Amino acid sequence: MTSKKLVNSVAGCADDALAGLVACNPNLQLLQGHRVALRSDLDSLKGQVALLSGGGSGHEPAHAGFIGKGMLTGVIAGAVFTSPAVGSILAAIRAVAQVGTVGTLLIVKNYTGDRLNFGLAREQARAEGIPVEMVVIGDDSAFTVLKKAGKRGLCGTVLIHKVAGALAEAGAGLEEITDRVSEVAKAMGTLGVSLSSCSVPGSKPTFELSADEVELGLGIHGEAGVHRIKMATADEIVALMLDHMTSSSNVSHVPVRSGSSVVLMVNNLGGLSFLELGIIAEAAVRSLEGRGVKIARALVGTFMSALDMPGISLTLLLVDEPLLKLIDAETTASAWPNVAKVSVTGRKRCRAAPAKPLEAPDSTAAGGAASKQMVLVLERVCATLLGLEERLNALDRAAGDGDCGTTHSCAARAIQGWLKEGPPPASPAQLLSKLALLLLEKMGGSSGARPSRSRPRLTFQPGPLPWMPAWRPCRSMERLPQGIGLCWILCGQQDRSSKPGRAQGLISKS
């Protein structure tokens with residue numbers, strides 16, 4: 001079964017996507033009759049080197065998202081996962097040559113179709129007297145033994161766009177830019193991992209994974225990777241990726257070691273949530289710094305996707321200060337992130353929380369009989385809520401987002417942790433106040449706000465009977481209705497069958 005896509009037609013989706021980008025970006029123009037996007041200020045580039053790149057569509061925002069001052073001059077796009085036509089590449093070269101540029105550099109990812117088509121266009125342009133050079137980028141760190149075709153071009157190509165763009169903007173010549181980016185490409189590696197395949201419009205997924213498997217070392221066209229590994233935590237998968245990328249036994253490794261300075265790219269392959277992307281980014285930073293690697297810059301986002309593939313790639317580029325200046329140089333490319341020009345490593349990432357106000361001393365001794373009985377009650381409440389987690393989620397899914405049980409389980413675990421820190425206050429006023437504050441801080445959602453939203457100031461009013469029977473845990477817990485809020489239990493809702501006066505006069509507002 002083919003996947004659902006929001007397109008007008010399978011055949012025209014690449015044209016429509018590029019037209020949409022140009023329609024919303026005044027800095028871009030289409031080249032009539034071709035699937036080519038160029039800077040709209042092309043005439044201002046007289047005397048500079050032009051930079052052209054491209055490849056199959058489906059990798060958005062690459063490549064057209066990186067057109068702009070300080071990055072690419074233009075992009076030639078093919079159909080989805082298909083190399084662009086030689087005629088369109090040659091038309092783009094001619095277009096930038098006509099405005100007086102002093103040469104054109106083609107930045108090409110290492111795939112057979114791209115190398116052939118861009119290479120043929122280069123030879124034809126040279127025959128017309130246009131100075132053209134081509135660099136082929138292969139940054140894939142997946143293969144432990146090099147294949148005949150060499151390393152595949154992946155997300156690291158975007159960093160080459162940035163370095164070449166900064167050099168061109170600074171007035172460097174064609175030969176200088178070609179030599180410099182060729183050297184930079186040797187100090188870079190990328191590795192991808194995915195939870196499943198992507199699906200090309202009008203087609204089925206390119207490969208299948210079982211529920212407990214992930215694909216390591218895959219490409220950006222839906223092709224399978226080098227290993228299938230068991231599903232693991234984000235920390236474990238990131239550690240495995242970095243081990244593979246930096247191991248000297250891997251012929252395509254990046255020579256990163258303790259003391260190295262790197263630019264880190266955490267790239268969404270298209271279908272990963274921003275929440276997962278943040279978790280992966282934190283794990284990568286922590287793992288690298290734990291190895292003694294200095295992270296000079298960190299770029300996190302979607303730079304080179306594989307349609308809707310739910311996965312990520314990590315790119316490491318070894319850098320020094322001159323190279324960092326090129327990475328930091330200004331650009332108007334819409335897809336380049338606004339990266340802080342300071343090192344990630346060594347920065348203070350946490351501010352001390354404000355001191356909490358002093359609490360009134362507990363007038364009753366903690367750890368007494370009432371306090372011990374309250375511990376039993378709270379433990380019973382927590383165990384009950386944890387046992388009801390899935391039932392409460394199922395009920396909530398009928399009317400909401402299905403997290404009611406999860407939210408209450410979070411509260412239950414917070415209370416369990418609090419009880420381990422020491423006996424609760426014997427004073428019911430202070431007990432309820434502490435519980436309300438704990439839920440407000442730890443529980444989240446509307447359920448967390450209810451017990452503390454109208455939290456009264458409570459005082460203890462001595463009565464003829466101890467206050468504890470108001471809780472009546474055993475009878476209340478046995479008749480706990482599905483979906484009951486934790487606040488009903490913890491805010492003193494006694495068993496309605498209690499005899500009048502049994503718990504009256506114990507807790508009141510002041």
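The following legends describe close-up views of a predicted model of one protein chain.

**Figure 1. Overview of the chain and its secondary structure.** The predicted chain contains 15 helices and 14 strands. Of its 510 residues, 49% are buried. Among contacts with a separation of 6 or more, 74% join residues 24 or more positions apart. The accessible surface amounts to about 24200 Å², and carbon and sulfur atoms contribute 55% of this area.

Figure 2. The structure contains 0 disulfides. In general terms, a disulfide is a covalent bond between the sulfur atoms of two cysteines. Two cysteines are shown here. Cys-24 has a relative accessible area of 69% and is therefore classed as exposed, the cut-off for that class being over 50%. Cys-155 has a relative accessible area of 2% and is therefore classed as buried, for which the value must be under 20%.

Figure 3. Strand 3 spans residues 50-57 and strand 4 spans residues 74-80, and Pro-61 is placed in the loop between them. The peptide bond that joins Glu-60 to Pro-61 is cis, with an omega of about 10 degrees. His-63 is likewise found in the loop between strand 3 and strand 4. A cis peptide bond also leads from Ala-62 to His-63, and its omega is near 10 degrees.

Figure 4. Phe-81 has a phi near 60 degrees, a positive value in a residue that is not glycine. Phe-81 occupies the loop that runs between strand 4 and helix 2 (86-98). With a relative accessible area of 18%, Phe-81 is buried. Leu-307 also has a positive phi, near 55 degrees, and is a residue other than glycine. The loop that holds Leu-307 lies between strand 11 (294-301) and strand 12 (311-318). Leu-307 has a relative accessible area of 22% and is partly exposed. The two residues fall into separate classes because the limit for buried is under 20%.

Figure 5. Asp-140 is located in the loop between strand 6 (132-137) and helix 4. Its relative accessibility is 1%, so Asp-140 counts as buried. Beyond its neighbours within four places in sequence, Asp-140 is in contact with Lys-151, Arg-152, Leu-154, Thr-190 and Ser-252. The C-alpha atoms of Asp-140 and Gly-150 are 9.0 Å apart, and the two residues are 10 residues apart in sequence. Thr-144 is also found in the loop between strand 6 and helix 4. Leaving aside neighbours within four places in sequence, the contacts of Thr-144 are with His-244, Ser-249, Asn-250 and Val-251. Thr-144 and Met-245 are 101 residues apart in sequence, and the distance from C-alpha to C-alpha is 9.5 Å.

**Figure 6. Crossing of helix 4 and helix 8.** Helix 4 comprises residues 157-169 and helix 8 comprises residues 321-328; their axes come within 8 Å and cross at roughly 90 degrees. Helix 4 is therefore roughly perpendicular to helix 8, a description that covers angles of 65 to 115 degrees. Helix 4 contributes Leu-159, Lys-162, Val-163, Ala-166 and Leu-167 to the contact, and helix 8 contributes Leu-323, Leu-326, Ile-327 and Asp-328. By class, this contact consists of 7 nonpolar residues and 2 charged residues, with no polar residues.

**Figure 7. Packing of helix 10 and helix 11.** Helix 10 (residues 389-397) and helix 11 (residues 404-420) pack with their axes 6 Å apart, at an angle of about 145 degrees. On the helix 10 side, Glu-389, Leu-392, Asn-393 and Asp-396 take part, and they meet Cys-404, Gly-405, Thr-406, Ser-409 and Arg-413 of helix 11. The residues of this contact comprise 2 nonpolar, 4 polar and 3 charged.

**Figure 8. Gly-368 and its spatial relation to Pro-423.** Gly-368 lies in the loop between helix 8 and helix 9, the latter covering residues 369-387. The relative accessible area of Gly-368 is 27%, which places the residue in the partly exposed class. Gly-368 and Pro-423 are separated by 55 residues in sequence, and their C-alpha atoms are 8.9 Å apart in space.

Terms used. Residues numbered from 1 in each chain as written. Predicted model: local features only at pLDDT ≥ 70, side-chain atom pairs only at ≥ 80, totals over all residues. Heavy atoms only, no water. Disulfide = S-S within 2.5 Å. Buried < 20%, exposed > 50% of the residue type's maximum accessible area, 1.4 Å probe, protein only. Axes fitted to C-alpha atoms, helices over the stretch in contact; angles between N-to-C directions. Helix = DSSP H or I, 4+ residues; strand = E, 2+ residues; numbered from the N terminus. Parallel < 35°, antiparallel > 145°, perpendicular 65-115°, else oblique. Contact = heavy atoms within 4.5 Å. Nonpolar A, V, L, I, M, F, W, Y, C, P; charged D, E, K, R; others polar. Areas by Shrake-Rupley, 256 points an atom, 1.4 Å probe, with all protein chains shown as cover.
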